[in-house]
Amino acid sequence: MNGNNTTVIKRKKFKISNLPNSTYIFGVLFIIFSLCIPNFFSPSNLSNLVVQASPLIIISIGMSMVIMTGCIDLSVGGNISMTGVIMATLLMLGMPAIFAILCGLAIGTCFGLLNGFIVQKMRVAPFIATFGMMGIAESIANIVSKKRTVYWEPSPTNELIKGVQTNLFQIQLGNKSSQTLFLSFITIICIVIAVIAIYVFKKTAFGAHIYSVGANEEIARLNSISPVKIRMAVYAISGFLAAVASLLYMSRINSAQPTMGDGLEFQAIVAAIIGGNSLRGGKGSIPGAILGALSLFAVRNALSLAGVGTSWVQVFIGVVLIVGMIFNALVYWWEHDRKSSRKITVKGAVQQ
Amino acid sequence: MSKLLEIKGVCKSFPGVKALEDIDIDLDYGEVHVILGENGAGKSTLMKILSGAYQADTGEMFVEEQKVLHNSPKVSESLGIRMIYQELNLVEELSVAQNIFLGKEQYKGIALNKKQMNENARQMMANMNILVDPNTLIKDLGVGTQQMVEICKALSTNAKILVFDEPTSSLTDSEIAELFRIIRMLKEKGVGMFYISHRLEELKEIGDRVTIMRDGKKILTTAADQISMNEIIEGIAGRKIENLFPHTRKEPGDCLLEVNGLTGEKFRNVSIKVCAGEIVGMSGLVGAGRTEVARALMGIDRCNGGEAFLVGKPLPKNNIQKVVDMGLCLLPENRKTEGLALSLSIRENTIISSINRLFPGLITQKKKESQVVSQYVTDLNIATSSIEKLVQYLSGGTQQKVVVAKWLMSQSKVFIFDEPTRGIDVGAKSEIYRLMDELTKQGAGILMISSDLPEILGMSDRIYVMAQGDLVGELDAGEATQQEILRMAFKQHSPAVEEVG
Amino acid sequence: MKNESTFVKKLKSHLFNLSTVIIFLAIVLIFTIINAIGGNNYLTLSNLSVIVNQASFLALLGVAQMVVLLTGGVNLSIGAIMVFSSIIAGPYLMEQSGVFWLLPVIIMLIFGGVAGGFNGLLVTKFKLPAFIATFSAMYIFRGLAWIIQGRTVIYRINENIRFLAMGRLFSIGGFTVTMPMLISIGLIIIISFVLRKTTFGEKVYFTGSNSVAARFSGIPIHKITMIIHILSGVLAGFCGVMYAARVNAAEPGMYTSAHFDAISVALIGGISMRGGFGNVWGVAIGALIISTIQSGMNSIQLPSEYQTLVLGVLIILSVFFNQFLIQAKQNATNELSTDQQAA
């Protein structure tokens, strides 16, 4: 055997089939809706779509991180209601907006940490732990708001909240109102968070550590990565992002309801799963979850433009999830079947 | 020259089993030390003591003449001891570079220094003559290359001692050749390596020295080129303990199970026969496709071709319930995950496959259940205070007996035992053997899959040998020897290596 | 082995067995004391009958959840199935429709079963995790209910059906025996019989404990899972009958916290989410615990908003402690039998 045998393995080139499923789902839905539904592909509707989807996009980012570690966070919706009601109540009491916002963010984050504590330190299964926490959060929201919508008087101290929903700029592309392209601060906050999340995930060790904890806790431990710390961190992030989403919601509707987060955890899970996350953990991507969330809102938006009732939207989302899961399973099997032929193998010295 | 590693007088006991007895072993710089032995000979236990996963009861360990006091995974890591496991410890969804630097990433400011890590990873892999794009995901690599990444990862932290635990069990021939090339390269760099393997021909290929272990004892250590294959096989197998195997051979009765040309994903064209009163052994290396044949017969896995008959009637495919009803049963190797419901009682575990027959009216009677189960518990000599005891509290041997009781009660005609005595201590072993003998006396047929050669030779009437998915031979137990079986089992495996060596 | 007398061990083993009962008694005691301080008598027969009456409904809900939990799954669509089936049977439920009262009840049971079968299909054929399948089903069935019914309300339920949920039968010294009590006791006995005294029940427990071993033992695990989901759906449909009858109305938005209550009852009643562990009587006590807390909180005038809070905390704590209790109980039983063997 001579010494200068080398094996060359080239990385697979970029392939469309490597994109998260939500890319195609979003792409296909987008084209269909643009063609079939008048007013869907209009500047103002698309601007509006992004604004509507922003809170969900934000919590989907947190949810997909939690799911990547092999856990789940059912308390996100409750957390949104709770932090929203608390922030609104503080505003109602005349507190300055910045104080209310910081309180809300801190409470949301602590709530997430508590989830992490129950899951990791008390060893309660994530499903049950966050399920219980969902009840607790919803209950606190009801207690604080006394089951009523919380409004606040506009005043100089809380202009910041108003500022969140103003538009940075508007461009009139035609003389009809549907031809206004606008960029809201809500959209900007969403984009900033998405960029930071993707940056942290890709450019620091955090992403790789999340994957390793989700794929196999034992591997993580062998590489001196603490599953406890990682899971506490992702739950805290999920809680923080829930509070941010809550802020966007209430600034858009200028009030907070104790039920405003109901069901959002489910939509975030749907977004994460059609974005390529597996409930077993260890895979998935943040851009996938973002596109998943956008797909859901494209459906909502298009259905409402087409005059379909909100009732159908619920059914539709349930169906989208089931189809998405089955689709994911099919892709998995297809890959699995072809795995042996697809794998890059070492061309051994013997054969050369 | 001083020794890289020395282990002196190591003993280790587990409840009921003496796993290691007074083992001395050492390792030189740049040496490949092959450790051979059957399953349960104590190889893995020894390596776990080396890596700090287990603590030795007595004995000393020196690394580069320094005595190691309290070994632990952390200590052994700091000493430069690294394990390359059978099951790879890589994260599939991460890239080569990310895996190599997992947990010890390099930073530039607040961001990862990806360029540097990629370059380092590329360099390290290139040092082993593998030019791989460090951004490639692990899941896109073949098992062989994955193993190289694993080695690379170990080397990235200055490993002095590498332990390979059955590294070639899932590799193709060309991948094995590649692995050996790297092992030779590491030798030149002075890395000491323990190499655990079932494949004897590999010893001649890369081994410098060889140690043979059996029943927790070291049998011999010698230079690899001074020992013949026959000596090795004798050393591994040892003497037979005749009375451990109570099987009384007799004329086989009617043919119970007949398999013609069964073909599945991991095996091809398997034709076997099991008659009443007969124990048929199925030998071969781990991964030869024996368990897969059993699973296909049971209808657990799909099979692509061939047919099987039980007492003349064709066995349905992919229908476990029907297969079980017809009287074929499997006692899986992994009792705890595939054989028993650990959180339920002996009674519930025993009765489960017979309730339809016992209670055709759907309504159960606990009294009748208890009576029937107690009968079997007494017959099989199952050591328990009460049939309501949860099976998770039973010992391995007793658990196995509960599984036997379950199938005995369901009136099975052919029993497939997959590694019937793995993880069972010697005393319980002979009880299981007596039980198997008893089953054949009552007219049942047994197909016994086992990697334990003395067990195969001691218990079987006939022996099939499988290698790499093919049925390579059939031997009469009276004439078969361990050497013959091993040669057959290795037969299909050697050509590539011979070509090189 | 520790130097404990057999008696102590026996006692311990029984105590662990009765852990949920002890929690129940402790909660009753707490509220009795709190009320006594305020000068009220909590522990009256009439109050107890209110608690038991309320628990009867919760127990039905808990049983619907429990059967699925036993196989290692979960059913989040119970509330949605309740609503869906009552909306389907809506026109016949009303007093004014004039049809025989049993007809809408049967329709609801059938549609509950169909919805459960849908869940079962997703779990067995499409291999979705039960959690995802039933979570989607929750949206789909409630959405369908909205589509069919819109924003209108089905009002004035047939009096015969109302009797099922509201009927008072007789009084024993202040303790009023009601229809729901009889119905749920009857149902619990039936389900207990099915789970403990039939071949089907044994298969359910075995499948929940280890589905691989169950498959290898020749148990048709898909069929079992399917039947269990249908059963859960039928029971949910029946819960729908009881609920609509109690509130004398049905509308798509009613009782959105049903799945929460159902899981609470089952988990507090000692059912393990990993499957194969727990029994119906535990669920009954779980229901009693929750209804005692509810009535206790009412008695000290705590608003209903706090109840979900307490339930959330209780779910987490009960699962947390159950991990130890189950282990301790099994250990105690084991030690006991080992001692008997030695003796």
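Predicted model: local features only at pLDDT ≥ 70, side-chain atom pairs only at ≥ 80, totals over all residues.
The secondary structure of chain C consists of 15 helices and 4 strands. Along the principal axes, the C-alpha atoms of chain C occupy a box of roughly 70 × 60 × 35 Å. Of the 343 residues in chain C, 54% are buried. Contacts within chain C were also examined by separation in sequence. When contacts between residues at least 6 apart in sequence are considered, 79% of them join residues at least 24 apart.

Chain C also touches chain A. In this pairing, 33 residues of chain C are in contact with 34 residues of chain A. On the chain C side, the elements that give two or more residues are helix 7 (130–149), helix 13 (258–268) and helix 15 (305–342) of chain C. Sorted by class, the residues on this side of chain C comprise 25 nonpolar, 5 polar and 3 charged residues.

Chain B is divided into domains. Domain 1 of chain B covers residues 5–237, and domain 3 of chain B covers residues 334–411. Taken over C-alpha atoms, the centres of domain 1 of chain B and domain 2 of chain B are separated by 32 Å.

Key
Residues numbered from 1 in each chain as written. Chains lettered and ligands numbered in written order. Buried ≥ 20, exposed ≤ 12 C-beta atoms within 10 Å, placed from the backbone. Contact = placed C-beta atoms within 7 Å. Nonpolar A, V, L, I, M, F, W, Y, C, P; charged D, E, K, R; others polar. Domains from an automatic or database assignment.
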